[in-house]
Amino acid sequence: MKKLGTLVLVMLLAASALLFAQGQKESSKSYVFAANCAWPPLEFVDENGDIVGFEIDLVNEIAKVNNVQITIRNVAWEGIFAGLANGAYDAVASGVSVTEERKATMDFSTPIMIITQAILAPIADTSLSNTASLNGKVVGVQLGTTGHIFLDDFMKKNPSFKATIKAYDEIGFAIEDMLNGNLQAVVTDSVIASDFVLSNPNYASKLKVAGSASDLGDPEPIAIAMLKGNTEVLDLVNNGLKQIEASGKMAELKKKWNIL
């Protein structure tokens with residue numbers, strides 16, 4: 001009986017060791033997510049040089065609930081989707097709008113928010129309220145964003161609409177150029193526009209959300225993007241989002257970062 005008991009104990013210990021090893025193997029899985037960290041409050045570099053923001057916290061929570069490692073890499077927006085296509089990283093978490101064109105090469109997680117396009121203007125300006133009011137204005141956008149794409153399309157569909165569009169590598173550069181008097185408006189995602197006006201003390205007394213550019217397109221779902229057919233990362237992200245939503249953590253993070 002003693003020998004039998006010892007054998008059972010050894011088997012239990014071996015089974016426990018195997019389960020532990022499997023758990024360690026699972027937790028050793030690692031992924032790289034790209035973000036263009038120039039989009040407060042979604043992702044940006046704070047005064048201490050740290051990458052912070054709503055999507056940064058969200059990605060960290062996804063890693064936590066899935067027991068994996070996710071490294072966030074700060075990547076310029078202009079080449080962010082090319083990097084995804086060539087395998088430089090596993091996903092893009094950077095305020096990515098879900099569009100039909102992008103669906104051709106990418107899969108998207110469950111949406112994490114819905115945004116519209118908005119018009120930012122100097123606080124003293126009273127002439128701007130919608131897209132039509134941008135006629136004859138010099139307007140800044142971030143290169144390759146949906147605001148840029150929709151504004152170009154709007155001009156093509158409305159030949160009488162004449163605006164000068166200036167595209168910048170980062171939306172912050174457009175904001176600064178407007179404050180320097182070189183632009184009369186900036187078109188960007190509503191959540192970005194609100195953050196510059198409501199949350200940034202450097203801009204709150206100088207800028208306002210002058211109106212909605214909703215006639216540029218329908219409200220846009222924002223989601224995390226991965227290469228089309230990458231079901232491993234898609235399932236990982238969606239599983240994480242489901243748990244984060246159910247636990248109330250999603251609401252907590254949106255409140256923390258003033259995501260309406």
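Start by selecting helix H9, residues 249–256: both Glu 252 and Lys 249 sit here, 3 residues apart, or about one turn of the helix. Keep in mind as you look around that this is a predicted model. Show the two side chains and you will find a salt bridge, with the closest N and O atoms of Glu 252 and Lys 249 2.9 Å apart. Glu 252 has 45% relative accessibility and counts as partly exposed; Lys 249, at 23%, is partly exposed too.

Next, select Lys 166 and Asp 177. These two form another salt bridge, and their closest N and O atoms are 3.6 Å apart. Here the pair links distant parts of the chain: Lys 166 belongs to strand E11 (residues 164–168) and Asp 177 to helix H6 (residues 171–179), 11 residues apart. Lys 166 is partly exposed at 33% relative accessibility, whereas Asp 177 is buried, with a relative accessible area of 14%.

Now move to Asp 107 and Lys 228. Their closest N and O atoms lie 3.5 Å apart, in a salt bridge. Colour by secondary structure and you will see Asp 107 in strand E7 (residues 106–108) and Lys 228 in the loop between strand E14 (220–227) and helix H8 (231–247), so this pair ties together parts that are 121 residues apart in sequence.

How values were computed: Residues are numbered from 1 along each chain as its sequence is written. This is a predicted model: local features need pLDDT of at least 70, side-chain atom pairs count only at pLDDT 80 or more; totals for chains, interfaces and linings use all residues. Side-chain values use heavy atoms; hydrogens and water are left out. A salt bridge is a side-chain nitrogen of Lys or Arg within 4 Å of a carboxyl oxygen of Asp or Glu. Helices (H or I, at least four residues) and strands (E, at least two) are DSSP runs, numbered from the N terminus. Buried means under 20% relative accessible area, exposed over 50%, partly exposed in between (1.4 Å probe, protein chains only).
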